[in-house]
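Here is a short note for someone opening this model for the first time. Please read the points with the structure in view.

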Amino acid sequence: QLDSLIERAVAGNLDLKEAKSRVLQARAQRGVIAADGLPQVDANASYSRSRASENAGPRSQQGGVGQFQPSEGTDLYVVGFDAGWELDLFGRTRRALEAADAEIAAAVESERDVLVTLLGEVARNYIEVRSFQNRLAITRSNIAVQQETVDLARSRSTAGITSELDLARSEAQLNSTTSALPSLEIGLAQAMHRLAVLLGREPGALKAELAADAPIPVAPEDLPVGMPSDLLRRRPDIRAAERNAALPEVPMMAEAG
């Protein structure tokens, strides 16, 4: 169940989709910068045809009657081609490419940071769902036992075997246990709602799916943590900050004197 929730969260989480789009944006921007170092080619072509009106053509006299001679049309073709290449004398394009590569790496690490956070939140909220269900089951079981105690105390009090004080104490204990049910039910509903939002769904979408009780997942006993320095290298937020710090300064274009 947890593996299924994680797969759906990776596919539908909106924050993760936004992080992926930032990676695509950074890569597209890198392509635009790389194009500045290539020759720039401009080409254009046009065609036009003109023909004078027959009413404005040259006049000829035949039998004293004026007639117009139709004029033939004129075709005009225009083709242009231009190419230019800016030399990267001051390294502006090279530095811009280095900065773009660093921005791509930072965007990728930021996406991984969102992914790690997402997986942790899905697991945490799923464990909370199962924990609240377990606590609710224990609370309802305690209520059933305490209700039997109250009934027994009431019978003994009616028979005069015990005082009413014992009955009042058992009833107070039952009321205290019963009052914990609403807060546990609210906590369960909130955990289900948070889990649905993490999956990119509307709150309450997983209520029917997670309604049946299930055991709480057990974490592995041994986790390969390694050295603290290795843990820092594995943290994507630190790697993203490192890539942002590595952004080179892009020199400005030299102005013609």
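1. A salt bridge here is a side-chain nitrogen of Lys or Arg within 4 Å of a carboxyl oxygen of Asp or Glu. By this rule the count comes to 12 salt bridges. Side chains of opposite charge can pair when their charged atoms come close.

2. A word on the source. The model is predicted: local features need pLDDT of at least 70, side-chain atom pairs count only at pLDDT 80 or more, and totals for chains, interfaces and linings use all residues. Residues are numbered from 1 along each chain as its sequence is written, and side-chain values use heavy atoms, with hydrogens and water left out.

3. Start with Glu128 and Arg194. Their salt bridge has its closest N and O atoms 2.6 Å apart. The pair links distant parts of the chain: Glu128 sits in helix 3 and Arg194 in helix 4, 66 residues apart. Helices are DSSP runs (H or I, at least four residues), numbered from the N terminus. Salt bridges that share partners join Glu121, Arg124, Glu128 and Arg194 into one network.

4. How accessible is Glu128? It counts as partly exposed, at 21% relative accessibility. Buried means under 20% relative accessible area, exposed over 50%, and partly exposed in between (1.4 Å probe, protein chains only). Arg194 is partly exposed too, at 34%.

5. Glu209 and Arg8 also meet in a salt bridge (2.7 Å, N to O). Glu209 is in the loop between helix 4 and helix 5 (228–234), while Arg8 is in helix 1 (residues 2–12), 201 residues apart. Glu209 is partly exposed at 34%. Arg8 is partly exposed at 28%.

6. Now the helix packing. The axes of helix 3 (residues 92–159) and helix 6 (residues 236–245) come within 8 Å and cross at roughly 165 degrees. That makes helix 3 roughly antiparallel to helix 6; the term applies to angles over 145 degrees. Axes are lines fitted to C-alpha atoms over the stretch in contact, and angles run from 0 to 180 degrees between N-to-C directions.

7. Which residues make the contact? Among them are Ala102, Glu109 and Asp113 of helix 3, and Pro236, Arg239 and Arg243 of helix 6. Contact means heavy atoms within 4.5 Å.

Note on methods:
Helix = DSSP H or I, 4+ residues; strand = E, 2+ residues; numbered from the N terminus. Parallel < 35°, antiparallel > 145°, perpendicular 65-115°, else oblique.
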